[in-house]
Amino acid sequence: MTTSDFLQGALASVRGLNLSVVLLDGQKLAELMIEHNVGVSVKEMYQVKTLDSDYFDGFLG
């Protein structure tokens with residue numbers, strides 16, 4: 001695991017192994033932290049609204 005990127009030598013070394021190795025870089029680490037709410041907190045929330053077509057059925061006839 002690294003908080004930045006892996007060097008090409010590290011990537012090549014892992015490809016040559018007969019083991020299953022997962023390299024976790026900074027981008028993937030941040031994505032997983034956000035997805036699983038580890039070490040993060042909600043700062044703002046946004047509402048996404050959609051048109052309620054049933055409301056307008058009476059007007060349009």
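## Exposure and Gln47

Buried means under 20% relative accessible area, exposed over 50%, and partly exposed in between (1.4 Å probe, protein chains only). With a relative accessible area of 68%, Gln47 is exposed. Across the 61 residues of the chain, 8% count as buried.

The model you are looking at is predicted, so local features need pLDDT of at least 70 and side-chain atom pairs count only at pLDDT 80 or more, while totals for chains, interfaces and linings use all residues. Residues are numbered from 1 along each chain as its sequence is written, and side-chain values use heavy atoms, leaving out hydrogens and water.

## Overall layout

The chain has three helices and zero strands (DSSP runs numbered from the N terminus: H or I of at least four residues for helices, E of at least two for strands). Its radius of gyration is 23 Å, well over the 10 Å that the globule rule gives for 61 residues, so the chain is more spread out than a compact globule. That radius is taken over C-alpha atoms, and the rule is 2.2 Å times the number of residues to the power 0.38. Along its principal axes, the C-alpha trace spans about 70 × 25 × 20 Å.

Gln47 sits in the loop between helix 2 (26-35) and helix 3 (53-60). From Gln47 to Val14 it is 33 residues in sequence and 44 Å in space, C-alpha to C-alpha.

## An aromatic pair

Rings of Phe, Tyr and Trp (its six-membered ring) pair if their centres lie within 6.5 Å; planes under 30 degrees apart count as stacked, over 60 as edge-to-face and the rest as tilted. The count by this rule is one aromatic pair. Tyr55 and Phe56 form this edge-to-face pair, at 5.0 Å centre to centre with 85 degrees between the planes. Tyr55 counts as exposed at 54% relative accessibility, and Phe56 as partly exposed at 34%.
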